[in-house]
Amino acid sequence: MSSHLKEALLYHTLSDGRVRCNVCQRRCKIKPEELGYCFTRLNKKRKLYSLIYSKVSCSMISPIEKKPLFHFYPGSSWFSLGTLGCNFRCPGCQNWDIAHARTDLDKYEAEHITPEESINLTKRNNCKGISWTYNEPTIWFEFTLDSAKLAKENGLLTHYVTNGFTTPQALDLIGPYLDAFRVDVKGFSDEFYKKMCHVDDFKGILKVTKRAKEKWGMWVEIITNIIPGYNDDEAQLKRIASWIKNDLGEFTPWHVTQFVPHLELSHIPTTPVATLEKAREIGQNVGLKYVYLGNVWGHPAENTHCHNCGKLLIERKGFYLSQNHIKDLLCRIKSQVIKLYTGLNRKATI
Ligand code: SF4
(Lines give C-alpha, C1' and ligand atoms only; values in the text may rest on other atoms or scores of the structure.)
Protein backbone atom coordinates (compact mmCIF):
# COMPACT_ATOMS: atom_id res chain seq x y z
CA MET A 1 0.00 0.00 0.00
CA SER A 2 1.32 3.44 -0.87
CA SER A 3 2.56 5.40 2.11
CA HIS A 4 0.37 8.24 0.86
CA LEU A 5 -2.91 6.40 1.32
CA LYS A 6 -4.99 7.72 4.19
CA GLU A 7 -8.16 6.04 5.36
CA ALA A 8 -11.09 8.27 4.56
CA LEU A 9 -13.70 9.67 6.90
CA LEU A 10 -17.42 9.48 6.32
CA TYR A 11 -17.85 6.25 4.40
CA HIS A 12 -19.52 2.93 4.97
CA THR A 13 -19.14 -0.47 3.39
CA LEU A 14 -22.08 -2.00 1.59
CA SER A 15 -22.98 -5.70 1.71
CA ASP A 16 -21.85 -6.22 -1.91
CA GLY A 17 -18.30 -4.95 -1.21
CA ARG A 18 -18.80 -1.47 -2.55
CA VAL A 19 -18.15 1.49 -0.27
CA ARG A 20 -20.26 4.58 -0.12
CA CYS A 21 -18.46 7.91 0.22
CA ASN A 22 -20.39 10.57 2.12
CA VAL A 23 -17.99 13.47 1.79
CA CYS A 24 -19.68 15.14 -1.14
CA GLN A 25 -23.24 15.07 -2.39
CA ARG A 26 -22.34 12.73 -5.26
CA ARG A 27 -22.23 9.99 -2.61
CA CYS A 28 -20.42 7.58 -4.92
CA LYS A 29 -20.86 3.85 -4.44
CA ILE A 30 -17.37 2.64 -5.30
CA LYS A 31 -16.63 -0.90 -6.42
CA PRO A 32 -13.60 -2.84 -5.11
CA GLU A 33 -10.29 -1.49 -6.48
CA GLU A 34 -12.11 1.41 -8.16
CA LEU A 35 -12.12 5.16 -7.61
CA GLY A 36 -14.90 7.65 -7.00
CA TYR A 37 -15.99 10.25 -9.54
CA CYS A 38 -13.26 12.61 -8.31
CA PHE A 39 -10.52 9.97 -8.93
CA THR A 40 -9.12 10.67 -5.46
CA ARG A 41 -10.81 7.99 -3.31
CA LEU A 42 -10.08 4.29 -3.64
CA ASN A 43 -12.02 1.26 -2.43
CA LYS A 44 -9.27 -1.08 -1.24
CA LYS A 45 -10.37 -4.24 0.51
CA ARG A 46 -13.74 -2.77 1.49
CA LYS A 47 -12.16 0.33 3.01
CA LEU A 48 -12.07 3.79 1.49
CA TYR A 49 -8.76 5.64 1.18
CA SER A 50 -7.85 9.14 0.11
CA LEU A 51 -5.02 9.30 -2.45
CA ILE A 52 -4.42 13.01 -1.89
CA TYR A 53 -3.96 13.55 1.83
CA SER A 54 -1.29 16.28 2.05
CA LYS A 55 -0.74 16.13 -1.73
CA VAL A 56 -0.35 19.77 -2.78
CA SER A 57 -0.47 20.83 -6.43
CA CYS A 58 -0.17 24.53 -5.75
CA SER A 59 0.67 26.69 -2.74
CA MET A 60 1.18 30.42 -2.51
CA ILE A 61 0.49 33.49 -0.43
CA SER A 62 -2.40 35.41 -1.88
CA PRO A 63 -4.68 38.28 -0.93
CA ILE A 64 -8.21 37.60 0.29
CA GLU A 65 -9.48 39.69 -2.63
CA LYS A 66 -8.34 36.94 -5.00
CA LYS A 67 -10.80 34.36 -3.57
CA PRO A 68 -12.80 36.69 -3.78
CA LEU A 69 -13.92 37.45 -0.23
CA PHE A 70 -14.47 41.19 0.02
CA HIS A 71 -16.03 41.54 3.49
CA PHE A 72 -13.73 39.16 5.35
CA TYR A 73 -10.57 40.87 6.58
CA PRO A 74 -10.04 43.07 3.50
CA GLY A 75 -6.39 43.40 2.53
CA SER A 76 -5.25 40.30 4.45
CA SER A 77 -2.84 37.63 3.17
CA TRP A 78 -3.60 33.91 3.15
CA PHE A 79 -1.56 30.77 2.79
CA SER A 80 -3.43 29.18 -0.11
CA LEU A 81 -3.34 25.51 -1.01
CA GLY A 82 -4.87 23.27 -3.65
CA THR A 83 -4.63 19.58 -4.40
CA LEU A 84 -5.49 17.46 -7.46
CA GLY A 85 -8.90 16.43 -8.79
CA CYS A 86 -12.44 17.67 -8.35
CA ASN A 87 -15.96 16.38 -7.83
CA PHE A 88 -17.07 18.54 -10.80
CA ARG A 89 -15.67 18.58 -14.32
CA CYS A 90 -16.83 21.94 -15.57
CA PRO A 91 -16.15 22.33 -19.29
CA GLY A 92 -14.75 25.85 -18.91
CA CYS A 93 -12.67 25.29 -15.75
CA GLN A 94 -9.83 27.83 -15.43
CA ASN A 95 -7.84 25.43 -13.24
CA TRP A 96 -8.47 22.33 -15.35
CA ASP A 97 -4.80 21.23 -15.23
CA ILE A 98 -5.10 20.45 -11.53
CA ALA A 99 -8.87 20.05 -11.18
CA HIS A 100 -9.17 17.52 -13.99
CA ALA A 101 -5.93 15.74 -13.12
CA ARG A 102 -5.93 11.99 -12.52
CA THR A 103 -3.93 11.72 -9.33
CA ASP A 104 -4.06 7.91 -9.58
CA LEU A 105 -2.12 8.07 -12.86
CA ASP A 106 0.66 10.05 -11.20
CA LYS A 107 1.28 12.38 -14.11
CA TYR A 108 1.30 15.52 -12.03
CA GLU A 109 4.25 16.37 -9.81
CA ALA A 110 2.78 17.30 -6.45
CA GLU A 111 4.62 18.05 -3.24
CA HIS A 112 3.65 16.78 0.20
CA ILE A 113 2.92 19.34 2.88
CA THR A 114 1.64 18.00 6.18
CA PRO A 115 -1.00 19.89 8.19
CA GLU A 116 1.75 20.84 10.69
CA GLU A 117 3.95 22.19 7.89
CA SER A 118 1.07 24.18 6.42
CA ILE A 119 0.46 25.80 9.82
CA ASN A 120 4.16 26.65 10.17
CA LEU A 121 4.24 28.14 6.67
CA THR A 122 1.13 30.19 7.40
CA LYS A 123 2.67 31.63 10.56
CA ARG A 124 6.13 32.14 9.10
CA ASN A 125 4.64 34.15 6.24
CA ASN A 126 2.49 36.28 8.57
CA CYS A 127 -0.73 35.13 6.97
CA LYS A 128 -4.13 35.58 8.56
CA GLY A 129 -4.89 31.93 8.01
CA ILE A 130 -5.29 29.12 5.51
CA SER A 131 -7.31 29.14 2.33
CA TRP A 132 -8.16 25.82 0.64
CA THR A 133 -8.73 26.87 -2.92
CA TYR A 134 -7.73 26.31 -6.62
CA ASN A 135 -9.75 23.10 -6.77
CA GLU A 136 -12.57 21.73 -4.64
CA PRO A 137 -11.42 21.54 -1.00
CA THR A 138 -14.05 18.98 -0.02
CA ILE A 139 -12.29 16.19 -1.91
CA TRP A 140 -9.26 16.37 0.45
CA PHE A 141 -11.58 16.63 3.39
CA GLU A 142 -9.40 14.64 5.80
CA PHE A 143 -6.41 16.91 5.17
CA THR A 144 -8.38 20.14 5.47
CA LEU A 145 -10.09 18.94 8.65
CA ASP A 146 -6.81 18.02 10.35
CA SER A 147 -5.28 21.30 9.21
CA ALA A 148 -8.29 23.37 10.29
CA LYS A 149 -8.18 21.89 13.80
CA LEU A 150 -4.48 22.75 14.06
CA ALA A 151 -5.14 26.22 12.66
CA LYS A 152 -7.59 26.93 15.46
CA GLU A 153 -5.10 25.70 18.07
CA ASN A 154 -2.65 28.20 16.61
CA GLY A 155 -5.04 31.16 16.50
CA LEU A 156 -5.36 31.15 12.70
CA LEU A 157 -8.44 31.61 10.54
CA THR A 158 -9.60 29.26 7.78
CA HIS A 159 -11.81 29.22 4.73
CA TYR A 160 -13.01 27.07 1.84
CA VAL A 161 -13.34 28.33 -1.72
CA THR A 162 -15.91 25.75 -2.73
CA ASN A 163 -18.59 24.61 -5.14
CA GLY A 164 -20.75 23.88 -2.07
CA PHE A 165 -21.36 20.24 -3.03
CA THR A 166 -20.20 19.11 0.42
CA THR A 167 -22.56 16.86 2.40
CA PRO A 168 -24.17 18.24 5.55
CA GLN A 169 -22.27 15.53 7.51
CA ALA A 170 -18.91 16.74 6.22
CA LEU A 171 -19.85 20.35 6.82
CA ASP A 172 -20.85 19.57 10.40
CA LEU A 173 -17.51 17.88 11.07
CA ILE A 174 -15.44 20.81 9.83
CA GLY A 175 -17.96 23.49 10.82
CA PRO A 176 -16.38 24.29 14.21
CA TYR A 177 -13.04 24.99 12.53
CA LEU A 178 -14.04 26.85 9.36
CA ASP A 179 -14.55 30.62 9.40
CA ALA A 180 -15.67 31.40 5.88
CA PHE A 181 -17.33 29.66 2.96
CA ARG A 182 -16.94 31.27 -0.46
CA VAL A 183 -19.41 29.41 -2.62
CA ASP A 184 -20.05 29.18 -6.34
CA VAL A 185 -23.70 29.35 -7.27
CA LYS A 186 -23.04 28.70 -10.92
CA GLY A 187 -26.63 28.89 -12.11
CA PHE A 188 -30.11 28.37 -10.81
CA SER A 189 -31.65 25.50 -12.72
CA ASP A 190 -31.33 21.74 -12.71
CA GLU A 191 -30.79 21.97 -16.46
CA PHE A 192 -27.71 24.19 -16.03
CA TYR A 193 -26.18 22.10 -13.26
CA LYS A 194 -26.84 18.84 -15.15
CA LYS A 195 -25.24 20.14 -18.31
CA MET A 196 -22.22 21.84 -16.74
CA CYS A 197 -21.53 19.82 -13.61
CA HIS A 198 -23.42 16.51 -13.98
CA VAL A 199 -25.35 17.35 -10.83
CA ASP A 200 -28.99 16.25 -10.65
CA ASP A 201 -30.14 18.31 -7.69
CA PHE A 202 -28.34 21.62 -7.24
CA LYS A 203 -30.59 22.62 -4.34
CA GLY A 204 -28.35 20.56 -2.05
CA ILE A 205 -25.66 23.21 -2.64
CA LEU A 206 -28.04 25.93 -1.49
CA LYS A 207 -29.01 23.97 1.63
CA VAL A 208 -25.39 23.36 2.67
CA THR A 209 -24.52 27.02 2.09
CA LYS A 210 -27.40 28.15 4.27
CA ARG A 211 -26.37 25.60 6.90
CA ALA A 212 -22.80 26.97 6.89
CA LYS A 213 -24.17 30.37 7.74
CA GLU A 214 -27.01 29.47 10.10
CA LYS A 215 -25.68 26.44 11.95
CA TRP A 216 -22.01 27.39 12.05
CA GLY A 217 -22.03 31.16 11.66
CA MET A 218 -19.49 31.10 8.84
CA TRP A 219 -19.03 34.21 6.77
CA VAL A 220 -20.53 33.46 3.35
CA GLU A 221 -19.97 35.18 0.02
CA ILE A 222 -21.39 33.97 -3.31
CA ILE A 223 -19.88 34.07 -6.77
CA THR A 224 -21.50 33.51 -10.15
CA ASN A 225 -19.34 33.37 -13.24
CA ILE A 226 -21.63 34.64 -15.98
CA ILE A 227 -21.31 32.63 -19.19
CA PRO A 228 -23.03 34.09 -22.26
CA GLY A 229 -25.92 31.91 -23.39
CA TYR A 230 -25.74 29.65 -20.33
CA ASN A 231 -26.65 31.59 -17.20
CA ASP A 232 -26.94 35.23 -18.30
CA ASP A 233 -30.71 35.32 -18.67
CA GLU A 234 -32.51 37.78 -16.45
CA ALA A 235 -34.84 35.19 -14.91
CA GLN A 236 -31.99 32.95 -13.73
CA LEU A 237 -29.93 35.84 -12.36
CA LYS A 238 -32.96 37.16 -10.53
CA ARG A 239 -33.54 33.73 -8.95
CA ILE A 240 -29.93 33.62 -7.71
CA ALA A 241 -30.12 37.13 -6.28
CA SER A 242 -33.48 36.46 -4.63
CA TRP A 243 -32.22 33.27 -3.04
CA ILE A 244 -29.18 35.10 -1.63
CA LYS A 245 -31.33 37.84 -0.18
CA ASN A 246 -34.03 35.58 1.24
CA ASP A 247 -31.85 32.75 2.54
CA LEU A 248 -28.52 34.41 3.36
CA GLY A 249 -29.50 38.03 3.89
CA GLU A 250 -29.26 41.33 2.07
CA PHE A 251 -25.71 42.01 3.29
CA THR A 252 -24.26 38.87 1.71
CA PRO A 253 -21.83 39.94 -1.03
CA TRP A 254 -22.58 38.59 -4.51
CA HIS A 255 -19.71 38.59 -7.01
CA VAL A 256 -20.73 38.44 -10.67
CA THR A 257 -17.63 37.68 -12.65
CA GLN A 258 -16.60 37.80 -16.26
CA PHE A 259 -16.27 34.48 -18.06
CA VAL A 260 -13.14 34.14 -20.19
CA PRO A 261 -13.22 31.56 -23.04
CA HIS A 262 -11.43 28.43 -21.97
CA LEU A 263 -11.07 24.71 -22.56
CA GLU A 264 -14.27 23.17 -23.97
CA LEU A 265 -15.97 26.58 -23.84
CA SER A 266 -13.33 28.31 -25.97
CA HIS A 267 -15.99 29.11 -28.58
CA ILE A 268 -18.05 31.18 -26.10
CA PRO A 269 -17.28 34.92 -26.13
CA THR A 270 -16.01 36.82 -23.10
CA THR A 271 -18.91 38.15 -21.05
CA PRO A 272 -19.63 41.75 -22.09
CA VAL A 273 -19.19 44.22 -19.23
CA ALA A 274 -22.73 45.46 -19.93
CA THR A 275 -24.06 41.98 -19.05
CA LEU A 276 -22.23 42.07 -15.73
CA GLU A 277 -23.54 45.55 -15.03
CA LYS A 278 -27.06 44.33 -15.81
CA ALA A 279 -26.60 41.40 -13.41
CA ARG A 280 -25.48 43.85 -10.73
CA GLU A 281 -28.55 45.97 -11.33
CA ILE A 282 -30.74 42.86 -11.01
CA GLY A 283 -29.10 42.03 -7.68
CA GLN A 284 -29.50 45.57 -6.40
CA ASN A 285 -33.15 45.72 -7.50
CA VAL A 286 -33.82 42.52 -5.60
CA GLY A 287 -32.39 44.23 -2.51
CA LEU A 288 -28.79 43.03 -2.22
CA LYS A 289 -26.60 45.73 -0.68
CA TYR A 290 -23.25 44.58 -2.07
CA VAL A 291 -23.00 43.27 -5.61
CA TYR A 292 -19.49 43.30 -7.07
CA LEU A 293 -18.13 42.83 -10.56
CA GLY A 294 -15.18 40.51 -10.96
CA ASN A 295 -12.41 40.01 -13.54
CA VAL A 296 -12.89 43.57 -14.81
CA TRP A 297 -9.96 45.35 -13.25
CA GLY A 298 -10.48 49.01 -12.52
CA HIS A 299 -14.27 48.87 -12.80
CA PRO A 300 -15.89 51.02 -10.06
CA ALA A 301 -18.13 48.10 -9.08
CA GLU A 302 -15.07 46.38 -7.59
CA ASN A 303 -15.11 48.98 -4.81
CA THR A 304 -17.08 48.95 -1.56
CA HIS A 305 -19.43 51.83 -0.86
CA CYS A 306 -21.39 52.27 2.34
CA HIS A 307 -24.83 50.75 1.77
CA ASN A 308 -26.31 53.64 3.71
CA CYS A 309 -24.64 56.87 2.61
CA GLY A 310 -22.90 55.66 -0.56
CA LYS A 311 -19.43 56.91 0.46
CA LEU A 312 -16.41 55.07 -0.89
CA LEU A 313 -15.05 52.80 1.86
CA ILE A 314 -12.67 50.47 0.03
CA GLU A 315 -11.10 51.12 -3.35
CA ARG A 316 -9.63 48.07 -5.07
CA LYS A 317 -7.10 47.92 -7.84
CA GLY A 318 -7.23 44.35 -9.01
CA PHE A 319 -6.49 42.20 -5.97
CA TYR A 320 -5.12 45.04 -3.85
CA LEU A 321 -6.60 47.88 -1.82
CA SER A 322 -5.69 51.41 -2.79
CA GLN A 323 -7.94 52.95 -0.12
CA ASN A 324 -9.46 51.47 3.01
CA HIS A 325 -11.61 53.64 5.25
CA ILE A 326 -12.94 50.81 7.38
CA LYS A 327 -11.44 50.40 10.81
CA ASP A 328 -12.83 48.23 13.57
CA LEU A 329 -15.87 47.58 11.39
CA LEU A 330 -16.80 51.25 11.39
CA CYS A 331 -16.77 53.49 8.38
CA ARG A 332 -14.36 56.29 9.29
CA ILE A 333 -16.41 58.78 7.34
CA LYS A 334 -19.76 58.53 9.15
CA SER A 335 -19.16 55.83 11.74
CA GLN A 336 -21.68 53.66 9.95
CA VAL A 337 -21.39 50.02 11.03
CA ILE A 338 -20.45 47.95 8.04
CA LYS A 339 -21.55 44.35 7.74
CA LEU A 340 -18.21 42.61 7.70
CA TYR A 341 -17.14 39.38 9.31
CA THR A 342 -16.59 39.89 13.01
CA GLY A 343 -16.35 36.36 14.35
CA LEU A 344 -19.00 37.31 16.91
CA ASN A 345 -21.61 35.24 15.12
CA ARG A 346 -19.51 32.05 15.30
CA LYS A 347 -21.40 29.17 16.87
CA ALA A 348 -18.41 26.91 17.11
CA THR A 349 -17.56 25.12 20.30
CA ILE A 350 -14.01 23.93 19.98
S1 SF4 B 1 -15.67 13.03 -2.69
FE2 SF4 B 1 -15.22 11.90 -4.61
S3 SF4 B 1 -15.63 9.76 -4.10
FE4 SF4 B 1 -16.60 10.97 -2.50
S5 SF4 B 1 -18.71 11.22 -3.19
FE6 SF4 B 1 -17.57 13.01 -3.91
S7 SF4 B 1 -16.91 12.50 -6.00
FE8 SF4 B 1 -17.52 10.59 -5.00
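Predicted model: local features only at pLDDT ≥ 70, side-chain atom pairs only at ≥ 80, totals over all residues.

Student: OK, which residues surround the ligand?
Tutor: Cys21, Val23, Cys24, Arg26, Arg27, Cys28, Gly36, Tyr37, Cys38, Arg41, Asn87 and Ile139. A residue is near a molecule if its C-beta atom, placed from the backbone, lies within 6 Å of it.

Student: Zooming out, how many helices and strands are in the protein chain?
Tutor: The protein chain has 8 helices and 21 strands. Those are DSSP runs numbered from the N terminus: H or I of at least four residues for helices, E of at least two for strands.

Student: And what does the radius of gyration say?
Tutor: The protein chain has 20 Å, and a compact globule of 350 residues would be near 20 Å, so the two agree. The radius is taken over C-alpha atoms, and the globule rule is 2.2 Å times the number of residues to the power 0.38. Along the principal axes, the C-alpha atoms fill a box of roughly 65 × 45 × 35 Å.

Student: How much of the chain is buried?
Tutor: Buried residues are 45% of the 350. Buried means 20 or more other C-beta atoms within 10 Å of the residue's own, exposed means 12 or fewer, and partly exposed is in between, with C-beta atoms placed from the backbone.

Student: Back to strands. What's the order in the open sheet of 3 strands?
Tutor: It goes β1-β6-β5, with antiparallel pairing. β1 (6-7) and β5 (41-44) are at the edges with a single partner strand each, so one side of each has no neighbour in the sheet. Pairing here takes at least two DSSP bridges between two strands. β5 and β6 (residues 47-50) are joined by 4 bridges, and Asn43 sits opposite Leu48 in β6.

Student: Which strands does β11 pair with?
Tutor: β11 (residues 129-132) pairs with β9 in the parallel sense over 4 bridges, and 4 bridges also join β11 to β12 (residues 157-162), again parallel.

Student: What do β11, helix α3 and β12 make together?
Tutor: A right-handed β-α-β unit, with α3 spanning residues 141-153. Right-handed means that, with the strands pointing away from the viewer, the path from the first strand over the helix to the second runs clockwise. β15, helix α8 (residues 273-286) and β16 also make a right-handed β-α-β unit.

Student: Are the faces of β16 covered or open?
Tutor: Both faces are covered: Val291 and Leu293 on one side, and Tyr292 and Gly294 on the other, are all buried. In a regular strand the side chains alternate between the two faces of the sheet. Tyr292 is also the bridge partner of His255.

Student: Last one: is Arg89 buried or partly exposed?
Tutor: Arg89 counts as partly exposed because it has 17 C-beta neighbours inside 10 Å. Arg89 is in the loop between β9 (77-82) and α1 (96-99).

Key: Residues numbered from 1 in each chain as written.
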